[in-house]
Amino acid sequence: MKLSPAMRRISIRQNSLTALRSAVLVPGYPTRRSAALTLGIPRTTFNAHLRLVEDSAGFAVFNHRKRPVTLTPRGRPLIREAKRLIALLDEARGSRPVG
């Protein structure tokens with residue numbers, strides 16, 4: 001799978017897979033807090049994951065001002081790519097797929 005430039009920048013960061021797993025959960029949850037609770041991690045950790053994804057991508061992936069949190073136009077293809085990448089990695093590891 002060929003990675004987009006943004007995903008390449010994200011993928012070289014430490015803890016990028018964990019951060020991407022958090023990021024793909026945001027759409028569909030009413031708040032970041034509820035998504036963090038689903039993962040069983042502190043909200044501060046969850047927010048750090050989202051910052052890692054957005055800082056590495058170089059653009060806003062989420063519209064944090066709306067409830068529920070929504071994807072930006074540039075964030076939609078990145079999160080689709082993240083879901084495909086995670087599914088491929090999980091399949092290779094014999095884990096269950098994401099989303």
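Keep in mind that the model is predicted. The largest nonpolar core has 25 residues, and two helix pairs, α2 with α5 and α3 with α4, get a closer look below.

**The core**

- V53, V61, F62 and L78 have the most contacts inside the largest nonpolar core, which counts 25 residues.
- Take V53 as an example: leaving aside residues up to four places away in sequence, V53 touches I10, A19, L20, A23, V61 and L78.

**α2 against α5**

- Helix α2 covers residues 16-23 and helix α5 covers residues 75-93; their axes sit 10 Å apart, at an angle of about 120 degrees.
- That angle makes α2 oblique to α5, since the roughly perpendicular class spans 65 to 115 degrees and the roughly antiparallel one starts over 145.
- As for handedness, α2 passes α5 in a left-handed crossing.
- On the α2 side, the contact is made by L17, L20, R21 and A23; on the α5 side, I79, A82, I86, L89, D90 and R93 meet them.
- Sorted by type, the residues of this α2 and α5 contact come out as 7 nonpolar, 3 charged and no polar.
- L20 and A23 turn up in the α2 part of this contact, and V53 touches both L20 and A23.

**α3 against α4**

- Here the axes come within 9 Å, and the helices cross at roughly 105 degrees.
- α3 and α4 are therefore roughly perpendicular to each other.
- R32, R33, A35, A36 and L39 are the α3 residues in the contact, and they meet R43, F46, N47 and L50 of α4.
- The α3 and α4 contact residues split into 5 nonpolar, 1 polar and 3 charged.

**Two loop residues**

- N15 is in the loop between α1 and α2.
- N15 isn't a glycine, yet its phi is positive, at about 70 degrees.
- G58 counts as exposed because its relative accessibility is 63%, and the cut-off for exposed is over 50%.
- G58 and I10 lie 48 residues apart in sequence, with 9.3 Å between their C-alpha atoms.
- I10 is also one of the residues that V53 touches.

Key
Residues numbered from 1 in each chain as written. Predicted model: local features only at pLDDT ≥ 70, side-chain atom pairs only at ≥ 80, totals over all residues. Heavy atoms only, no water. Axes fitted to C-alpha atoms, helices over the stretch in contact; angles between N-to-C directions. Helix = DSSP H or I, 4+ residues; strand = E, 2+ residues; numbered from the N terminus. Parallel < 35°, antiparallel > 145°, perpendicular 65-115°, else oblique. Left-handed = near helix turned anticlockwise from the far one by under 90°. Contact = heavy atoms within 4.5 Å. Nonpolar A, V, L, I, M, F, W, Y, C, P; charged D, E, K, R; others polar. Core = buried A, V, L, I, M, F, W, Y, C linked by side-chain atoms within 4.5 Å. Buried < 20%, exposed > 50% of the residue type's maximum accessible area, 1.4 Å probe, protein only.
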